[in-house]
Amino acid sequence: SQDPAPGRRVTTGTKVNLTVSRGPEEPKEEPDARPQAKPPAGTETPATPHKLGRVRITVPATPPRSWVRVVIIDDNGERTVYNQMHYAGEVIVRNVEGVGKTTIEVYLNDEKVETKTL
C-alpha cells in the first residue's frame, strides 16, 4: 500500500510511505504422522529461512523522471535487485527475496525513501 494514495498530487519533498508485503500467507500443513529419517549425527546443516516479499513504488510527480533502485541486504550480503529510470506517476511492483534476516531499501534518485525488514 501507499500513503498518499497512488495518483494523488503532492508537493516536492512530500514523504511517501510504502508498505511492503511479505507475500501471501503460507497454508498450514497437517503434521505428518510418519517417522522421518534423520541424517547421520554430525551431518546436519541448519536451514536458513528463505524470505519472500513484494515492493510497490509509485514514482513521485516531480521530477518528470526518477531512478528507482531496490537493494536487498540479507545473510548473503547486499545487492541491487532493481535499478531503472521511470516516469512520474508510474507504479513499480517487484517481488523480492532474501535469506535469513532480510532488509529492503528503496531509493529514488539515490535518496533512500524506505527501509523494511522481512
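Which residues does K112 touch, not counting those up to four places away in sequence? I looked this up first. K112 touches E105, V106 and Y107. I am reading a predicted model here.

**Entry: K112 and its strand**

I placed K112 in strand β8. Its relative accessibility is 43%. Buried would need under 20% and exposed over 50%, so K112 counts as partly exposed. I also checked a C-alpha separation. K112 and V71 are 41 residues apart along the chain, and their C-alpha atoms are separated by 10.0 Å.

**Entry: E114**

I stayed in β8, which covers residues 111-117, and went to E114. Is E114 buried or exposed? Its relative accessible area is 11%. The cut-off for buried is under 20%, so E114 is buried. I then listed its contacts, leaving aside neighbours within four places in sequence. They are V16, N17, L18, I104, E105 and V106. E105 and V106 had already turned up as residues that K112 touches.

**Entry: the whole chain**

I stepped back to the overall layout. The chain has zero helices and eight strands. Read along the sequence, the pattern is β-β-β-β-β-β-β-β. There are 118 residues, and buried ones make up 26% of them. The accessible surface comes to about 8600 Å², and carbon and sulfur atoms account for 50% of that. I also looked at how far along the sequence the contacts reach. Of the contacts between residues at least 6 apart in sequence, 63% join residues at least 24 apart.

**Entry: confidence**

I checked pLDDT before going further. The chain mean is 82. A value of 70 or more is reached by 76% of the residues. Which element has the lowest mean pLDDT, and which the highest? Strand β1, residues 2-3, has the lowest at 74. β7 has the highest at 95. I noted a caution for myself: where pLDDT is low, the predicted coordinates should not be read in detail.

**Entry: the nonpolar core**

How many residues does the largest nonpolar core have? I found 15. Those with the most contacts inside the core are V55, I57, V68, V70, V96 and I104. Four strands each supply at least two residues of this core: β3 (50-58), β4 (65-74), β6 (91-99) and β7 (103-108).

Not counting residues up to four places away in sequence, V96 touches K51, L52, G53, R54, V55, V70, I72, V81 and I104. I104 is also on the contact list of E114.

**Entry: L52**

L52 was among the residues touched by V96, so I looked it up next. L52 lies in strand β3. Its relative accessible area is 46%. That falls between the 20% and 50% cut-offs, so L52 is partly exposed. L52 and G98 are 46 residues apart along the chain, yet their C-alpha atoms are separated by 6.6 Å.

**Entry: the loop between β3 and β4**

I checked the peptide bonds. A cis peptide bond joins T62 and P63, with omega about 0 degrees. P63 sits in the loop between β3 and β4.

**Entry: the loop between β7 and β8**

Here I looked at backbone angles. N109 is in the loop between β7 and β8. Its phi is near 50 degrees, a positive value in a residue other than glycine. At 36% relative accessibility, N109 counts as partly exposed.

D110 is found in the loop between β7 and β8 as well. D110 is not a glycine either, and its phi is positive, about 65 degrees. Is D110 buried or exposed? Its relative accessible area is 66%. The cut-off for exposed is over 50%, so D110 is exposed.

**Entry: the largest pocket**

About 420 Å³ of space lies in the largest pocket. It is lined by 20 residues, and the closest to its centre are G13, T14, P60, L108 and V113. β3 and β8 are the elements that give two or more residues to the lining. Which element gives the most? It is β8, with three residues.

Conventions. Residues numbered from 1 in each chain as written. Predicted model: local features only at pLDDT ≥ 70, side-chain atom pairs only at ≥ 80, totals over all residues. Heavy atoms only, no water. Core = buried A, V, L, I, M, F, W, Y, C linked by side-chain atoms within 4.5 Å. Buried < 20%, exposed > 50% of the residue type's maximum accessible area, 1.4 Å probe, protein only. Contact = heavy atoms within 4.5 Å. Areas by Shrake-Rupley, 256 points an atom, 1.4 Å probe, with all protein chains shown as cover. pLDDT = per-residue confidence, 0-100. 1 Å grid on protein atoms, 1.4 Å probe; cavity = no way out; pocket = protein on both sides within 12 Å on 5 of 7 lines; lining within 4 Å. Points joined across faces, edges and corners; volume = space filled by probe spheres on them.
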